[in-house]
Amino acid sequence: MRIAIAGAGNVGRSIAQELIDNGHQVMLIERQPRMLRPDRVPGADWVLADACELSSLEEADVAGCDVVVAATGDDKVNLVVSLLAKTEFAVPRVVARVNRAENEWLFTEQWGVDVAVSKPRVMAALVEEAVTVGDLVRLMTFRQGEANLVEITLPPAAPYVGQPLRDVPLPRDSALVAIVRGKRVLVPSADDPIEAGDELVFVCTTEVEDAVRAVVLGADSVERTRSGG
């Protein structure tokens, strides 16, 4: 993919390097000359420009990008970049960094944002994912709450442990997209049995999260979660 990243600070450079390592073509857009350090990420195309300026984005051919990442340390800038990328250049995927938690409500599709990444939220999710067995953990929100990436680590007493996936009656608007088993990532198939300790990764709408939890962990799991039990 061709990816444009606005902001060449630590966050922007880290994202750029990881994407380059994964084989993508990356362009870093930075407005401050002192931050223009091509030696830090030599595999990227570096552009000295203001990503909030329409003409700068036109010159950088943002319209030809598959993804735009607004990764600056200023939420106002990230919102403007997101809006321009989506409305003026019809970029298919816009990912925006949220720096201040109180601004998170602004990062919606009305501002052109497909995925908003708040560091506190991601960190909290990663902590929960690492320590939580027997509950549903929301890892990321897509389309501003219409769909979520969620994870459930199976306890030994889960109802369908040892049974094939075809026997697990998942609700509509939910899909099991991966099973993390130890150091392996498995693509689920109907014949695969699920095991205690498996991390099941789903994409589902917010409305069916409780139903997914009830199927995978048992009918009383929702009530246990709400009561803190």
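Is serine 82 buried or exposed, and what is its relative accessible area? Serine 82 is buried, with a relative accessible area of 0%; buried means under 20% relative accessible area, exposed over 50% and partly exposed in between, with a 1.4 Å probe and protein chains only. The model is predicted, so local features need pLDDT of at least 70 and side-chain atom pairs count only at pLDDT 80 or more, while totals for chains, interfaces and linings use all residues. Residues are numbered from 1 along each chain as its sequence is written, and side-chain values use heavy atoms, with hydrogens and water left out.

Serine 82 belongs to helix H3, residues 75-87. Helices (H or I, at least four residues) and strands (E, at least two) are DSSP runs, numbered from the N terminus. Leaving aside neighbours within four places in sequence, serine 82 is in contact with Ala70, Val94, Ala96, Trp111, Gly112 and Val113, where contact means heavy atoms within 4.5 Å. Besides Ser82, the buried residues of H3 include Asp75, Val77, Asn78, Leu79, Val81, Leu84 and Ala85. Strand S1, helix H2 (54-59), strand S4 (67-70) and strand S5 (93-98) are among the elements that cover them. The end C-alpha atoms of H3 are 18 Å apart, which agrees with the 18 Å that its 13 residues should span at 1.5 Å a residue; the expected span is 1.5 Å times one less than the number of residues.

Helix H1 (10-21) has twelve residues and reaches 16 Å from its first C-alpha to its last, close to the 16 Å expected. Its buried residues are Gly12, Arg13, Ala16, Leu19 and Ile20. Seen down the axis of H1, these fall within an arc of 130 degrees, so they line one face of the helix; the arc is that of the directions from the helix axis to the C-beta atoms. An α-helix has 3.6 residues a turn, so residues three or four places apart point the same way. Asn10, Glu18 and Asp21 lie on the other side of H1 and are exposed. The cover over the buried residues of H1 includes strand S1 (2-6), S2 and strand S3 (45-48).

Glutamine 17 is also placed in H1, and is partly exposed, with a relative accessible area of 27%. Apart from neighbours within four places in sequence, glutamine 17 is in contact with Arg40 and Val41. Between glutamine 17 and arginine 40 there are 9.0 Å in space, C-alpha to C-alpha, although they are 23 residues apart in sequence. After H1 comes glycine 23, with a positive phi near 95 degrees.

H1 also takes part in the second largest pocket, giving the most to its lining with three residues. A pocket is an open set of points on a 1 Å grid over the protein atoms alone, where a 1.4 Å probe fits, with protein on both sides within 12 Å along at least five of seven lines; lining residues have an atom within 4 Å of a point. This pocket holds about 280 Å³ of space, a volume being the space filled by probe spheres set on the points. Of its 21 lining residues, Gly7, Glu30, Gln32, Thr72 and Gly73 are the closest to its centre. Strand S2 (25-30), like H1, supplies at least two residues of the lining.
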